[in-house]
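Please read the following note beside the sequence and the three-dimensional view. It is written for a reader who is new to describing protein structures.

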Amino acid sequence: MLKSSRNCLYAILVCCMFLGMHSSAQQPTKLTLRLDQPGVTLSPVLYGLMTEEINYSYDGGIYAELIRNRSFKDNIKNPDHWSLIKDVADSSAIVLDNKHPVNQDLTECLRFNLATVGKNTGLANDGFWGIPVFASTNYQGSFYAMTDDNSAGPITISIESTDGKSTFATASITGVSRTWKKLTFNLITAASVTPTADTRFVIRPSAKGAYWFTLVSLFPPTYQNTVNGNRRDIMQLLASMNPKFLRLPGGNYLEGNMFSTRYNWKKTLGPIDERPGHQGTWGYRSSDGMGLLEYLEWCEDLKMEPLLAVFAGYTLNRDYLEAGPFLQPYVDEALEEIEYVTGDTTTKYGKQRARDGHPTPFPLHYVEVGNEDGFDMSGSYEGRFTQFYDAIRSKYPTLRIISTTGGKDFLGQRFPLTKRIPDVVDEHYYRNAFDMESDADHYDNYDRNGPKIFVGEWATREGKPTPNFNSALGDAAWMTGMERNSDIVVMSCSAPLFVNVNPGGMQWESDLIGYNTLTSYGSPSYYAQQMFSNYHGNNVVNTIGEGIPVQVQKLNHKDSLNKVTPKTYPSLFYVATRDTKTGRLYIKVVNAGDAVKEVSLDIKGVSSVKNIGKIVVMKAEKPEDTNTISEPEKITPAVLAYKGFKKTFTYSFPKYSITVLQIYTQ
Ligand code: AHR
């Protein structure tokens, strides 16, 4: 009895010591906002997007093409995603054919020997997990076709159910002959159609004989009706993030697994008939329908700037070229690429861009040399970067050049590992929520000398295929740190951006936006990033926190820098910015803990505060709560009018919540 009460007393004592050291139990939480002090300028391009072909981001994703393996190059041994519909006794057959190229890029086609004419025989494509069928929709299609018989009759094209029992849209075209011809058609669905992806695309010639097809293409209406354009729903999700730049084209996708499969921008230009496509780095082939110009137009559509990453002579299989004459063609290629983006129509590549349909040059301020060259253990990056840097600096002196080493993420170095001092270094962080939250002050004491920081890939990775609310809390905590230190962290973009949630669509877990064939949704992390990007001023407000509550480490491991992790870490994260023109003040508070936090706020340095303002809040019952394709808006921010702001006031931040208080000051 005595022994057990002693144990109990000891436990209480330890608990009190613990609380005394770390808890806010005796000290109320207070945030003092010093608007009377100068704050650093918030980078106007802090929030952007990062993209690459991963998780079916383009083909089967934002790029609206509906036919999969449209040029029959995905598998040289089999016409993947194509099938022959026929009765058992029908001797019709399909076979890959590389003896009838349309041109040097469309080298493969499918030969279809039609032995029996009728509804029971046809050539079908299953699309990217089905063809999306919506009511009253006009689909634009085309293919190259050829036959061995000049008198071949019309060809019927349709979108129908997978079992062939329902036809959603059908059209008939004529003109197929003994030579390759590009034929176009429209498929229009009725107003009564119920959306479905349990569908297939079917071609049915009306006469027996041999037929050849390639570059079979079908597009739904695209964002802003751009030809060869993007999926509307996904573009709308991106638009509402208000991103300022797009880092393109990767990521590993830039590097390629080997030199021959690097992102070779020149082969992604012109009509899709002249794009050979290439093997991507994430296990599947890219049609390159999303080519360099499409990336740039995507930027233009969403009023963001490209952040162009150029191939820097290093590939994922660790093949590389030392600096010197053998690297020079790649340096030249990068200069030409910059000219394609920015040159006027008197320049060679500016002229080519005009021929491709866009005479006006695109704005460009940042060029990144390579991707994650810290993985190049050969030490060749220093020389490679120097060669690229000198060439870019000399031809484009105002461009800001980004190096992919020199941040603290690789080798714990802050100073550049390169001879030339880059304007910006790119750092990447993929972590769990604990690592993000316990390191949210990462940049607070960073060296302010030397290059600026681009956090070019980062994400809290909890939840799949898309991150859950705990990730959103980790992301939001991390963003408070980036925003507070935006004098040095000038740009950031999380990654990966997209995932096709259909079976087999994901190569990388925890991706910001998920979609299937018919619909798309934002993860809680998507909404957290949307909140941060849409609600901020132009100046960071010096904010002093007192009595910040702590939470106990949920996972027992070291962080990605192999740092000894603390047992407790803050559960409340904050940053404030103001708009110096309008007087609007944005206070962001992240409560990652499991209890409501009452915080007293003291706004110093203003003559008055409007009582009425706005609150944007996103919260969850449990950290594991999430959005899914079937429950896409379980967690979204709510925007509320709020009456009760004063120069000093108290606010209760819900458990597991991300809040923006928008206050009008004078
Ligand atoms: O975002 C996924 C991958 O992570 C990127 O391609 C690469 O740069 C990083 O390692």
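1. Basis of the note. This is a predicted model, in which local features need pLDDT of at least 70 and side-chain atom pairs count only at pLDDT 80 or more, while totals for chains, interfaces and linings use all residues. Residues are numbered from 1 along each chain as its sequence is written, and side-chain values use heavy atoms, with hydrogens and water left out.

2. Domains. The assignment divides the chain into domain 1 (2-34 + 541-664), domain 2 (49-64 + 223-531) and domain 3 (82-219); such bounds come from an automatic or database domain assignment. Taken over C-alpha atoms, the centres of domain 2 and domain 3 are 36 Å apart.

3. The interface of domains 2 and 3. Here 19 residues of domain 2 are in contact with 19 residues of domain 3, contact being heavy atoms within 4.5 Å. About 1400 Å² is buried between domain 2 and domain 3, and carbon and sulfur atoms give 66% of that area. Buried area is the accessible area (1.4 Å probe) that two parts lose on being put together, summed over both. Asp273, Thr517 and Leu518 supply 46% of what domain 2 buries against domain 3, more than any other three residues.

4. The eight-strand sheet. An open sheet with parallel pairing has the strand order E2-E13-E16-E17-E18-E19-E20-E21. Helices (H or I, at least four residues) and strands (E, at least two) are DSSP runs, numbered from the N terminus, and two strands pair if DSSP finds at least two bridges between them. At the edges, strand E2 (49-50) and strand E21 (489-492) each pair on one side only. Within the sheet, strand E18 (residues 400-403) and strand E19 (residues 424-431) share two bridges in the parallel sense, and isoleucine 402 stands opposite valine 424 in E19. Helix H4 (residues 292-301) lies across strand E13 (245-248) and strand E16 (305-310), at about 160° to E13. Axes are lines fitted to C-alpha atoms, for helices over the stretch in contact, with angles from 0 to 180 degrees between N-to-C directions.

5. Strand E6 (residues 122-125) and strand E11 (residues 199-205) are joined by three antiparallel bridges, with asparagine 125 opposite phenylalanine 201 in E11.

6. Strand E7. Why is strand E7 described as largely enclosed? Eight of the 10 residues of E7 (residues 138-147) are buried, so the rest of the structure largely encloses this strand. Buried means under 20% relative accessible area, exposed over 50%, partly exposed in between (1.4 Å probe, protein chains only). E7 pairs in the antiparallel sense with strand E10 (residues 181-188) over eight bridges and with strand E12 (residues 209-219) over seven bridges. Tyrosine 139 has leucine 187 as its bridge partner in E10, whereas glycine 141 stands opposite leucine 218 in E12.

7. Nonpolar cores. A nonpolar core is a set of buried Ala, Val, Leu, Ile, Met, Phe, Trp, Tyr and Cys residues joined through side-chain atoms within 4.5 Å. The largest has 111 residues, and Leu238, Trp298, Phe388 and Ile658 have the most contacts inside it. Helix H9 (residues 469-484) gives the largest share of this core, eight residues. Apart from it lies another core, of 33 residues, including Leu66 and Val176.
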